[in-house]
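Here is a briefing for a first look at this structure. Please view the sequence and the model below, then read on.

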Amino acid sequence: MTEARLLPGTSLELGRIGEVVKRTDATPKVTGQFAYASDLFAAGMLWGHTVRSPHAHARIVEIDISEALTMPGVHAVLTHEDVPGAKTYGLEFPDQPVLAIDRVRYFGEPVALVAAEHPEQARRAAERIRVEYEPLEPVTDMERAVEQPPIHDESPTAGHGFRDDPRPNVLRTIVVRHGDPDAEGDVGVEGVYELGIQDQAFLGPESGLAVPDGEGGVDIYVATQWLHVDRDQVAPCLGLEQEQVRIHLAGVGGAFGGREDLSMQLHGALLALHTDRPVKIVYSREESFVGHVHRHPAKIWMEHRATRDGRLVNVRARILLDGGAYASSSAAVCSNAASFVCGPYRVENALIEATCVYSNNPPCGAMRGFGAVQGCFAHEAQMDKLAAALEIDPVELRLLNALQTGDTLPTGQRLTGSMPVAEVIRRAAALPVPEPEELPRDPIRLPGGAGNTTHGQGVTRGIGFAVGFKNVCYSEGFDDACAARVRLWIGPDEQLAAEVRCAAAEVGQGVTNVILQVARTELETENVVLLPGSTDGVDSAGSASASRLTWMTAGAVRLACQDALAELRASGGREVDLERTYHHSRTFPLDPETGQVTGDRVHVAYMTAAMRVVAEVDVELGLSRVVWIGTAQDVGKAINPQAVHGQIEGGTAQGLGLALMEEVQTRDGLITNASFTDYLIPTTLDMPPVEAELVEDPQPDAPYGAKGVGEPPTVVSTAAVVSALRAASGRELARVPVRPDDLAGL
Amino acid sequence: MKVAFSVNGEQREADVWEGESLLFALRERLGLPGSKNACEQGECGSCSVLLDGRLVCACLVLAAQADGHEIVTVEGLAQDGQLHPVQEAFAETGAVQCGFCTPGLIVATADLLQRNSTPSEDEIREALSGNLCRCTGYAKIFDAVRSAVGRT
């Protein structure tokens, strides 16, 4: 056994495709032995601390580190002047300074770094760094941003093939024209919908350990979603070759998009290389709220036109997203928002405009659902409104317009794969709704809960419904390939044995099991181990994003296993060690003028889910309780059904959180609720039972027919929960999270 | 300052800074990182430990306050290489995803079942309402607790 096999991610648990398989990391996780990024330790290590901007927008006049350097235990204080290579980085556009240079653009932007022997010494030294700021007026209103002075001197996203939009602070604009955008219907409904900023709120704070290798390079052990792209951003800023920077996956305490961008990777490496000591950085919860990007807040104006019998004729939507100070993945979120805002419905005519702006609000980027969540909240509110205007059952209206294979989307993409929208609607609608529970009952099962605010007086009940869809894998021409390496040999017992390498990030979703299940299925042996994820020894797996890792790792591992097996047999049983790269079907960009796809598809494939929700509302106090959730989700093929159900239940909880309680609140760009005391996420008392049905309609070009599963529940549940609250309260509820005032009509 | 306490049945000493939490001392001084650091302000329950048999958030107890007391962490639940029934139940029912909340939930569940061997649904929900989980939506955690009831 090599030492590596003892690290997290390694296992000999059994199980093949389609079987319920216990997580390979379950035992170390239940015993407290699993090594998360914040648990790491190295002899002689220092603690790093990040000094952050207290302003949303300010010019930096001077940074004085002289006193901080004299503080006890301090080994280094670094500013932008100490960044040896490129001064800026970014996931897609290098617009973000490693450390602020002459201007800060958001509250919490990193300005300086400290390394000290004890974390408290580092914090105290940080307080002695004198930064003189000249505050500037912050751009904080996304509607006004396009008229205010630009927060970036040059547009970082210009010249990337996007639609030309000369207004200041525009990150990306997309216009999709489909059919006749002026087509009239018999009936029309309109609405304006808003969503606040949601936080991923993963429990494991941003953490990592950077260890200098003694030869000028560095090893970084970190909780991340995409090892190779971390490396590609880190190396140029350190002035190092790619091979000199090795990123290794440490235990990840949840991600949900919030670990796509860098957090401590560069800062830890700078301190480690400067001090020649290992440096550990662990963010506090408060720091975590400014340490990663959030879900984009949005404002969506929508108009639906339909025939008298309920067929959609024309959908017109204007979407505004606030990307915050830096680009992150906002350009792709903007594109997704445009792609999915009409919902999984046949729409022959559409006019969609989506704009994402820069501002001095918290930077936004990837979060589970990635641009589809915002649109789903809007289009499903519209569908309920249209059903009411037409006096048609809301489920019937959705079935009447459900997309199916062969239909054409507003982007011009013709659906060729699996698209069982009608099936998920029928299956979710058929789930039996529980009867209302009689009164009196324990107040814990009433709105207001243990607060004992009602014994049933003023409580009404409503049933809501929603459908959503989203892409799986990356889009618009991006080749997010996945590599896997397999070493295969015949063991002393004459049985096949294999060692798999794949840099896919296990963030809690269970991709480790998927990889092992695929390898065991293809090699027909249980004797398979997976080595820890690293940039060292295998090429990129792509990101733990876009519900893509099941599809992509299954593709890569299957390919590598099949070729390794063939080679081993051809050579008469000699050991084989090979790497293979899997590519999904090719996608194409949207035409910047028409928003129409320039090839056969803009997205690889689509996943859909429908959800039915029962809620109770105390209409006098504006308090609510979600009683029951039933859902049907299109998964293609469930590789590990227990894990699939776990994704659906957890994803549903995050959407419920956005519907009811979750919002990063800001005042003039400053976050005012950066803690779990003030930013609420659902607890055991908030989550109802979730009854989930899996619809297995295989995707033709996906390995084993499996689509992703992580995102659809989050896309649909916010809309479904609010639909139930509307039914119970009779209020319009056009903004999430829904506040007690909204429910009580104040 | 020097502190001494019993951790998982073993007498341990640590040289701590006066402001350090019991959580920091366990994780960084005593090599017991099983108790987790998700919020460090008593909101998430990830650092739940038993202090003299009572469930507490280790982040809200100073290391100095624990001097002379008995602490049980998630690392102390398995006996003689055998998982605690609550640990077994969490591993088998799919109650673990990223697992960062898991140690705290396991300690809190073990505490619940110690006090109440047949908790009702509402009692389970109320007892675990101080433990946040972001991955599972709690469904499989409830399954684990129900499953553990039969094993303890």
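**Two helices in chain B**

In chain B, the axes of helix 2 (residues 85-93) and helix 5 (residues 139-151) come within 8 Å and cross at roughly 140°. Axes here are lines fitted to C-alpha atoms, for helices over the stretch in contact, and angles run from 0 to 180 degrees between N-to-C directions. The model is predicted: local features need pLDDT of at least 70, side-chain atom pairs count only at pLDDT 80 or more, and totals for chains, interfaces and linings use all residues. Residues are numbered from 1 along each chain as its sequence is written, and chains are lettered from A and ligands numbered from 1 in the order in which they are written.

**More on this pair**

- Helix 2 of chain B and helix 5 of chain B are therefore oblique to each other. Angles under 35 degrees count as roughly parallel, over 145 as roughly antiparallel, 65 to 115 as roughly perpendicular and the rest as oblique.
- The crossing of helix 2 of chain B and helix 5 of chain B is right-handed. A crossing is right-handed if the near helix is turned clockwise from the far one by less than a right angle, and left-handed if anticlockwise.
- Helix 2 of chain B makes the contact through Pro85(B), Val86(B), Glu88(B), Ala89(B), Phe90(B) and Thr93(B). Helix 5 of chain B brings Lys140(B), Asp143(B), Ala144(B), Ser147(B), Ala148(B) and Arg151(B). Two residues are in contact if their C-beta atoms, placed from the backbone, lie within 7 Å.

**Chain B as a whole**

- Chain B has five helices and five strands. Helices (H or I, at least four residues) and strands (E, at least two) are DSSP runs, numbered from the N terminus.
- Along the sequence, the pattern of chain B reads β-β-α-β-β-β-α-α-α-α.
- Chain B has a radius of gyration of 15 Å, close to the 15 Å that the globule rule gives for 152 residues, so it is as compact as a globular protein of that length. The radius is taken over C-alpha atoms, and the rule is 2.2 Å times the number of residues to the power 0.38.
- The C-alpha atoms of chain B fill a box of roughly 45 × 30 × 25 Å along the principal axes.
- Of the 152 residues of chain B, 59% count as buried. A residue is buried if 20 or more other C-beta atoms lie within 10 Å of its own, exposed if 12 or fewer, and partly exposed in between; C-beta atoms are placed from the backbone.

**Chain A as a whole**

- Chain A holds 15 helices and 28 strands.
- The radius of gyration of chain A is 26 Å, close to the 27 Å from the globule rule for 746 residues, so it is as compact as a globular protein of that length.
- The C-alpha trace of chain A spans about 75 × 70 × 60 Å along its principal axes.
- In chain A, 62% of the 746 residues count as buried.
- Take contacts in chain A between residues at least 6 apart in sequence: 80% of these join residues at least 24 apart.

**The nonpolar core**

- The largest nonpolar core has 308 residues. Such a core is a set of buried Ala, Val, Leu, Ile, Met, Phe, Trp, Tyr and Cys residues joined through C-beta atoms within 7 Å.
- Helix 12 (residues 549-570) of chain A gives the largest share of this core, eleven residues.
- Val114(A), Cys502(A), Ile515(A), Val557(A) and Val721(A) have the most contacts inside the core.
- Not counting residues up to four places away in sequence, Val557(A) touches Ala484(A), Val500(A), Cys502(A), Ile515(A), Val518(A) and Ala519(A).

**Where the chains meet**

- 48 residues of chain A are in contact with 44 residues of chain B.
- Helix 13 of chain A gives the most to the side of chain A that touches chain B, with seven residues.

- Gly204(A) lies in the loop between strand 10 (187-195) and strand 11 (207-212) of chain A. Gly204(A) is buried, with 31 other C-beta atoms within 10 Å.
- Beyond its neighbours within four places in sequence, Gly204(A) has contacts that include Ser38(A), Ala38(B), Cys98(B) and Phe100(B).
- Arg569(A) lies in helix 12 of chain A. Arg569(A) is exposed, with 10 other C-beta atoms within 10 Å.
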